[in-house]
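Today I opened my notebook to look up aromatic rings and their neighbours. Come along and check the entries as I go.

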Amino acid sequence: MEYFIQQLINGLTLGSIYGLIAIGYTMVYGIIGMINFAHGDIFMLGGFAGLIVYLLLMTVFGGAPIAVALLCMLVVSMLVTSLWNWSIERTAYRPLRGSFRLAPLITAIGVSIALSNFIQVAQGPRNKPIPQMVNSVYTIEGISISLKQIIIVVITVALLASFWYIVEKTPLGRAQRATEQDRKMAALLGIDVDRTISITFVMGAALAAVAGTMFLMYYGVIVFTDGFVPGVKAFTAAVLGGIGSLPGAVIGGLLIGLIESLWSAYFTIAYKDVATFAILAFVLIFKPSGLLGRPEVEKV
Amino acid sequence: MSAVASTMNNDAILKVEHLSMRFGGLMAINDLSFEVRRGEITALIGPNGAGKTTVFNCITGFYKPTMGMICMQQKGGKSFYLERMADFEVTRDAKVARTFQNIRLFSGLTLLENLLVAQHNALMKASGYTVLGLLGFKSYKDASKEATEKARYWLEKASLIDRADDPAGDLPYGAQRRLEIARAMCTGPELLCLDEPAAGLNPRESQELNKLLRSIRADNGTSLLLIEHDMSVVMEISDHVVVLEYGQKISDGDPAHVKNDPRVIAAYLGVDDEEVETVLTEVEEGAH
Amino acid sequence: MASVTNPSTVSTGSPTGKALREATFTAVMTFLMFALFIGLKTDQNMRNELILVPRWGMLAILVVLAFVGRFAMVAWLQPWRAASKAAKAEAPTVDEEAGFVKRNFSKLAILALVLYPPIILALFGAQGSLKYIDNFGIQILIYVMLAWGLNIVVGLAGLLDLGYVAFYAVGAYSYALLSINFGFSFWILLPLAGILSAFWGIILGFPVLRLKGDYLAIVTLAFGEIIRLVLINWQDVTKGTFGISGIPKITLFGIPFDASPNGFAKIFHLAPSSAYYKVFLFYLILLLCLLTAFVTIRLRRLPIGRAWEALREDEIACRSLGINTVTTKLTAFAIGAMFGGFAGSFFAARQGFVSPESFVFLESAVILSIVVLGGMGSLTGIAIAAIAMVGGTELLREMDFLKAVFGPDFTPELYRMLIFGLAMITMMLVRPRGFVGSREPTAFLFERKNVSGSFTKEGHG
């Protein structure tokens, strides 16, 4: 039982990270109907930004209180990663909007390849380990919860709450939802569609950057290829929750995190990624609208 | 009005019995029964949202009806229960072809190719399910020539022969409508279902369409079932009219009978004041 | 990011002023984006701790380059392009008579490929030619074949498949395992590998047929990854990440290519060299490519091929014409997979070694991008794209002279995939419909007119 709860906690932590990445997928898909293939690499970029900020703090200031360090890492990483995604959207995706449907998918794959290889070239191909930033562990009745797990869950919840507020309650969120429903009509009603889409990419990247930084903190290591697998898993989460649905992305992320940690705990760790991919395939085949998505009706 | 055709052959080619279709809480069609007689042009009319296209989709297998029976009786005596068949089987086996309200052509293929795709099943057989064709057997070459001739026949009939090698997406609207009908005819149907064939056509194109539809019935012996809003088309060419409102049949008979049916006039009255006037004037014109 | 435009700069003032403003904006953006990643490099010190190595010089160069590049683009390139466009619009379009080369392009291309090995051998000798025949010739032709195979699925039938490499893997492992464990020869296993791959194509294709577009792409990606992960984890059979080595070579109707008394060199009284085997492999893959092209061209003129293209244009209309879309899609999957399997077994025989490393998602992405860049459905375009993308990146391996420019630490190979990714983006932006955007009709009544790319659709599922 304790083992089970332990795995549950691990799964929730992992799921928070997936959920944060999944939101970026789901928002971009919702608004322009494109699978942003490079989103996983944006997440990796965010992790590297966090890493470099951390090292900068260590070398220039000779260390900083954990809270300050983490805050700096998160903020800088969010800013830099958002800037990247903003530029990528303007150069690689926007000119192709409204053209051939496959074109943006191919450029997104190109961006993904270019980003991961850029990091390989600029930062080297090796694993980048950092010392444990946070190492307190609390043990309650045989179940250990580490401080970093608490940090991850708390930050995720705080971000999701503010994010939820933006999408549901602000004019910006309204513009986003309107653009999602009908881009042409939204433009006719005076919504700056291009700007709204840009902001969507920026928001997605900011969340991915947080996920990347927390990934770095949690595992203590990052490498340039780290974008692909978490990216696909987060995409699975988005699909599982129902692509286009924000709460769906979070729920999907948590589910994928739980499934992964429970699978590794009770079955074989070797096939844990197979499990994720199989779930992705099963959901898409049998319930393509996901848990919270709206079903699409075939129009004749 | 062609009384000739209706006396020529009076048995039913298609029988729709107690057809119902429910979408969630909405009863789109409610216990609908009617017949399409062989060699006739039958029109299915009714106000917007009456469920005409839903009936079509049930007949052609795109929707599975909640209840009811749709029976297709072929010339040779074979009969098919369409509600049990997949959409492609309805065309392939039961020989019921259709067109779409929002034209669905293969816009990147040429006109000729569009018509060749329609002869898929015949050509598939001739090509030995690809194997013999791949090896370059003569039987396929002959069949291919024959298919091209059939396509040429229909292109001529639809007055599209000049544009045979142009992409279908390049055609003007009226020509696209005719091409879609020609394509459906290339499947060799006994019953052709047309979903608003005259929608968006100008009067001249509308006349050309009427000519085409009449000749399809006369020369090829194909029965027609059509949904139409354009009353001039309905009154001019149909032998038999079925009127739907809110998924139910409110009138059924020859055009003369239907146009004087108070329920039909009321149905159109209930929809739109302006439309009633057009109905009435068109009904009058149709009487001449 | 050279073409980022500043949203706040409305085109007022002098062109130079505008260019200056935009260039400054780009330079600032470049600085902010690259400061962390280029300006600082994470490195490991003696104690295996990460340290930061500043590279401010490189960052400065990059920022200056961005400034100059953007300035040049706004100040000179854009006005020039606008002017040339206007000039083009004014000039009447002349119908140019297709030249001799253009008319006989495919014949000439095949002739050139047939003559390629002897010419290279004559130029560089047996040893020196290996690189050109193997790395350029065989490598590119494998990708041509794979892309032509995928073209059936994506280009003709319009089914977006991101897991194509799975069938390549099935073909490669089929050959590797069956030839090692049962000693079958390549000539038996080639068709067998194709059949096995086609079989897997049907198995994987069947459940995903009702999916549309992007969803289909993701499921195929998932299947591709599952197959790779199974290859990694099923160690009893596949030896996991170590891969399978010692895969038998292909023989020429029983004549092996080795130094033994009845080897190829001895029989034909030639000096022993590995070049013969490479030349043989070159002709073999060329033959396989031609087979793929021949079958594709034939299939397009058969009802099944027309049904594929019709499916790409409008699936519902296909069903209304009595076409069984399930079997039509499955045949596309199966035939595409079969060619992937052929290519896979050739690959295994050529390498003598297979491991899951060769079948990562990136390979699928590369093959797909070749198909799309070439212009979906066009064999010529795809071949050109394969040469440009694969040959271009192979060329980077050869650029040793760059070491003289950037110092001895510079390894051009590292930049291969970075440049590949950037090239993918650039080419897609310049030609979203690929090199050959028009479609050749499969039949005609009076004259063969190519269909402009603006009419063809790219499929929904």
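Which residue lies over the face of B:Tyr81? I found B:Arg84 there, at 4.7 Å from the ring centre. For a charge over a ring, I took NZ of Lys or CZ of Arg within 6 Å of the ring centre and within 35 degrees of the ring normal. I also noted B:Arg183 over the face of B:Phe106, at 4.7 Å from the ring centre.

A word on the source: this is a predicted model, where local features need pLDDT of at least 70, side-chain atom pairs count only at pLDDT 80 or more, and totals for chains, interfaces and linings use all residues. Residues are numbered from 1 along each chain as its sequence is written, chains are lettered from A in the order in which they are written, and side-chain values use heavy atoms, with hydrogens and water left out.

Next I looked up ring pairs and found 29 aromatic pairs over all chains. Rings of Phe, Tyr and Trp (its six-membered ring) pair if their centres lie within 6.5 Å; planes under 30 degrees apart are stacked, over 60 edge-to-face, the rest tilted.

One of the pairs is A:Phe43 with A:Phe215, edge-to-face at 5.3 Å centre to centre and 75° between the planes. This pair links distant parts of chain A, 172 residues apart: A:Phe43 is in helix H2 (residues 39-60) and A:Phe215 in helix H8 (residues 193-219). Helices here are DSSP runs (H or I, at least four residues), numbered from the N terminus. Both A:Phe43 and A:Phe215 are buried, meaning under 20% relative accessible area; exposed is over 50% and partly exposed in between (1.4 Å probe, protein chains only). With A:Tyr218 and A:Tyr219, they form one aromatic cluster.

Terms used: Helices (H or I, at least four residues) and strands (E, at least two) are DSSP runs, numbered from the N terminus.
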